[in-house]
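The following exercises ask the reader to work from a structure towards a description of it. Each task is followed by a solution in steps.

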Amino acid sequence: MDLALTESQEMLRSTARSFMEREAPVDVIVGLQKVESSLAPDLWKKAARLGWLGIVIPTEYGGSGDRLSDAAVLYEELGRGPLPGPFFSSGVLGALTVLEGATEEQRRRILPAVASGERVLTVAITEPNTSWGPAGITLAAQGRNGSYVLNGTKLFVADATSASDLVVAVRTGDAPTDVSLLHVDAKARGVTARRLPGFVSWQCEVAFDNVQVPASALLGEAQRGWAALARALERALPLLCAYIVGGCQAVYEKSVAYTQSRVQFGVPIGRFQRVQDHVIRLVNHLDSARWATWEALWKLDGGRPAAASVHMAKAVASEAYLEACNAAHEVHAGMGVLVEYGLAAHTQMSRTLFHYLGDPRWHKRRMADALEW
Amino acid sequence: MDFEVTYTEEQQRFRREVRTWLEANVSAEVQRTPTSAEDNYRRYLELRALGRKLGAKGWLYPTAPAKYGGGGLDVDHAIILEEEVDRFDLSLPPYYDSGGRLGSASILVWGTEEQRQAFLPPIYRGEVRTWQLLTEPGAGSDLAGVRMTTAVRDGDEYVIKGQKIFVGSDNGTDRIWLIACTDPNGRRHENLSWFMIDANLPGISMQPMELMGTGGEGGTDSGVKQTVFFDDVRVPAVALVGGENKGWTVATTHLELEHGGGGRIGRNRVWDRLLRYCQETKRDGVPLSQQQDVRDSLADIYIKTEVTRLFGLRNFWLTYARKPKSYEGPQLSYYRKTTGLWMTGAILEAVGPAALTTDPTWGSSAGFLETQQRNGIVSVHPGGTTDIQRVQMARRIGIGRSTREKAGTVHGAET
């Protein structure tokens with residue numbers, strides 16, 4: 001048993017932390033909040049040069065093929081921003097979906113460009129019904145003359161306004177899991193991506209209006225899409241959780257520092273037990289998310305059955321981020337809602353990731369199924 | 001990271017040896033829920049006998065130094081032992097021995113060589129059972145406010161007078177690990193001292209307190225506590241551990257361990273049984289575990305027990321890898337206690353009123369759910385209330401006071 005990071009993980013952490021401090025301090029994060037596309041080209045290029053976009057892509061497809069737990073160290077640091085951009089959407093969920101679902105030829109064609117940052121993927125799963133299960137996939141891909149035609153809407157697609165390529169889960173049969181994956185050019189005629197307005201971070205609507213997709217766009221085999229996506233999600237979710245853990249950690253550090261420096265009634269507010277209680281609630285959520293996430297990562301890297309742990313990690317982490325931000329707002333009062341202070345970016349992200357790829361209730365139910373109660 | 005102990009061939013052989021030994025030496029009866037006070041006492045004697053057998057093999061306190069009668073085993077072997085006794089729903093030691101666990105650890109760090117040689121072997125070999133005596137009527141959460149029990153030096157002896165409450169369990173004790181006031185006019189934190197004494201000295205008497213908990217000799221939870229009276233009890237001066245008026249320093253080790261700093265490994269015994277009960281019990285013809293509302297409740301309960309397990313595992317590792325600790329000890333304690341309390345309501349909601357009765361026909365098997373309904377509440381206070389755990393956390397996070405407080409030492413040499 002050893003719960004410490006390895007030496008190389010410590011090095012990656014330190015590199016990533018200096019990168020974030022240098023390239024993405026609070027004012028940069030706050031400045032990015034209102035842009036339509038989450039991808040900041042300069043940051044993206046630098047991250048590509050550091051090899052971060054291909055961190056989970058195997059070496060034969062141009063990535064560095066790191067273990068998930070190594071990638072998690074990076075994602076924790078990105079989450080501290082929280083750094084916007086399709087890092088997870090493209091480099092993790094997109095890449096793993098292609099890896100799990102595509103043919104060898106397709107992988108060789110797509111993945112190296114993802115690792116280099118030239119292509120930006122995102123996976124379009126849910127729809128106006130906001131279900132994250134296979135039954136929620138209703139967008140039909142009608143075959144016509146050896147090609148497919150798409151008409152409909154995908155919703156809450158992460159970072160779609162910065163994607164060059166979409167992986168779209170489509171219905172191709174009547175059985176619940178008769179789902180296939182299509183690789184669609186985001187600039188194809190009839191495809192429109194739009195960032196959803198409001199208290200949500202770069203979740204998009206993608207509309208398909210008579211979009212013609214060639215048969216060659218089918219990733220792997222028809223009707224095998226959901227199984228591939230499920231395998232990809234099992235490996236991708238803990239990295240989203242790691243990003244969330246980093247977010248919770250940053251919110252915790254901000255809150256501790258604020259209770260030490262903010263003076264009211266003649267003393268730092270951390271002396272008040274009511275204020276301490278918020279910080280304690282926060283750190284308990286942070287540590288719950290951290291250890292649930294890391295145990296899931298350890299199981300995946302070791303080839304152990306991990307489904308229940310992964311579902312638990314997403315349920316715990318989603319709740320933790322939301323509650324951590326709530327506690328931080330109670331600590332910070334007015335300061336916390338000043339946009340320039342930076343807490344609000346976390347708060348909005350915590351709400352966004354609460355539901356993204358399945359909310360706590362959804363994952364708790366899948367966890368119960370996986371445990372075969 | 002590695003969340004699991006990887007066992008060598010030698011360790012796997014050790015596990016087989018332990019399992020074979022336990023199967024030969026732990027009777028099925030010892031796992032029973034006692035049916036009467038007499039039966040509870042008989043069971044206690046059986047557990048003590050088992051403790052002595054384990055002690056003779058160095059398996060009662062496996063990581064304690066061999067030169068004082070402990071097992072001298074490394075942490076991996078200790079985990080194997082803990083896991084194997086856990087299969088019989090037992091812990092190490094298999095009876096309530098708070099003063100043995102916490103007193104021996106404190107003596108290892110703060111005692112003299114002579115005291116280690118005198119006090120530790122009987123504890124590690126299971127020859128004595130020891131209770132800790134801290135709380136007084138006027139000093140509960142405020143341990144530094146201990147005043148009522150005084151110890152006054154008289155030649156080669158101390159004379160102890162006063163009263164302690166919420167002590168031990170039932171069936172009596174051999175030894176007492178006691179904090180007392182040695183300077184009634186001294187400054188706070190500079191007026192207390194610890195003593196390891198014989199429980200059968202003249203002038204010591206006990207009176208049971210009936211608590212709403214159940215269990216008697218139930219590991220760390222106990223439904224019976226005692227009030228202990230000291231009426232001019234004379235103890236040899238060598239019983240004083242860590243120096244006169246240095247009791248608060250010694251207490252940092254004691255409290256760090258009592259507040260969860262040592263961590264815990266092992267499964268949650270309530271969870272396994274709760275799930276089995278829900279799978280075997282039908283409502284409206286459908287097993288509880290197949291009803292969505294119950295499944296949702298079970299998922300919430302499961303996650304909290306898993307997080308408790310992970311915090312315990314982390315603290316266990318921090319302790320035995322000798323890593324620096326901060327707020328993690330009281331965090332585990334706080335989380336475990338509040339989870340247990342919350343779970344009383346969650347279980348009651350999930351399974352209904354059957355959770356409240358020990359009736360052999362209508363209650364849960366062996367009344368384990370009824371036990372949780374009581375002990376989830378009783379367990380909130382021993383070893384520091386949930387509020388005290390939060391005070392500790394805040395100080396160690398560095399917000400409760402102007403300087404950050406350090407965790408107490410449990411080895412005398414954390415890195």
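**Exercise 1. Determine the strand order of the open sheet in chain A, and explain what is particular about its edge strands.**

Solution. The model is a predicted one.

Step 1. Chain A holds an open sheet of 4 strands, and reading across it gives the order β2-β3-β7-β6. The pairing is antiparallel.

Step 2. The edges are formed by β2 (141–144) and β6 (191–195) of chain A. Each has a single partner strand, so one side of each is left without a neighbour in the sheet.

Step 3. On average, and with direction ignored, neighbouring strands of this sheet are turned by 10 degrees against each other.

Step 4. As background, strands of a sheet pair through backbone hydrogen bonds, either parallel or antiparallel.

Step 5. Strand β3 (residues 147–158) and strand β7 (residues 203–214) of chain A are joined in the antiparallel sense over 9 bridges. One bridge may be located by residue: A:Val149 has A:Gln212 of β7(A) as its partner.

**Exercise 2. Compare the radius of gyration of chain A with that of a compact globule, and describe the chain as a whole.**

Solution.

Step 1. For 373 residues, a compact globule would have a radius of gyration near 21 Å. The value for chain A is 21 Å, which agrees.

Step 2. Taken along the principal axes, the C-alpha atoms of chain A fill a box of roughly 80 × 45 × 40 Å.

Step 3. The chain contains 12 helices and 9 strands. Of its 373 residues, 54% count as buried.

Step 4. Consider the contacts in chain A between residues at least 6 apart in sequence: 76% of them join residues at least 24 apart.

**Exercise 3. Identify the element of chain A that gives the most residues to the side touching chain B.**

Solution.

Step 1. In the contact between the chains, 30 residues of chain A meet 27 residues of chain B.

Step 2. On the side of chain A, the elements giving two or more residues are α7 (225–261), α8 (273–301), α9 (307–332) and α12 (360–370).

Step 3. Of these, α8(A) gives the most, with 13 residues.

Step 4. By residue class, this side of chain A divides into 16 nonpolar, 7 polar and 7 charged residues.

**Exercise 4. State how domain 2 and domain 3 of chain B are placed and how they touch.**

Solution.

Step 1. The domain assignment of chain B gives domain 1 (9–95), domain 2 (130–245) and domain 3 (262–397).

Step 2. The centres of domain 2 and domain 3 of chain B, taken over C-alpha atoms, are separated by 30 Å.

Step 3. Their contact takes 7 residues from domain 2 and 8 residues from domain 3 of chain B. The residues on the domain 2 side divide into 2 nonpolar, 4 polar and 1 charged.

Conventions: Residues are numbered from 1 along each chain as its sequence is written. Chains are lettered from A and ligands numbered from 1 in the order in which they are written. This is a predicted model: local features need pLDDT of at least 70, side-chain atom pairs count only at pLDDT 80 or more; totals for chains, interfaces and linings use all residues. Domain bounds come from an automatic or database domain assignment. Two residues are in contact if their C-beta atoms, placed from the backbone, lie within 7 Å. Ala, Val, Leu, Ile, Met, Phe, Trp, Tyr, Cys and Pro count as nonpolar, Asp, Glu, Lys and Arg as charged, and the others, Gly among them, as polar. Two strands pair if DSSP finds at least two bridges between them. Axes are lines fitted to C-alpha atoms, for helices over the stretch in contact, and angles run from 0 to 180 degrees between N-to-C directions. The radius of gyration is taken over C-alpha atoms; the globule rule is 2.2 Å times the number of residues to the power 0.38. A residue is buried if 20 or more other C-beta atoms lie within 10 Å of its own, exposed if 12 or fewer, and partly exposed in between; C-beta atoms are placed from the backbone.
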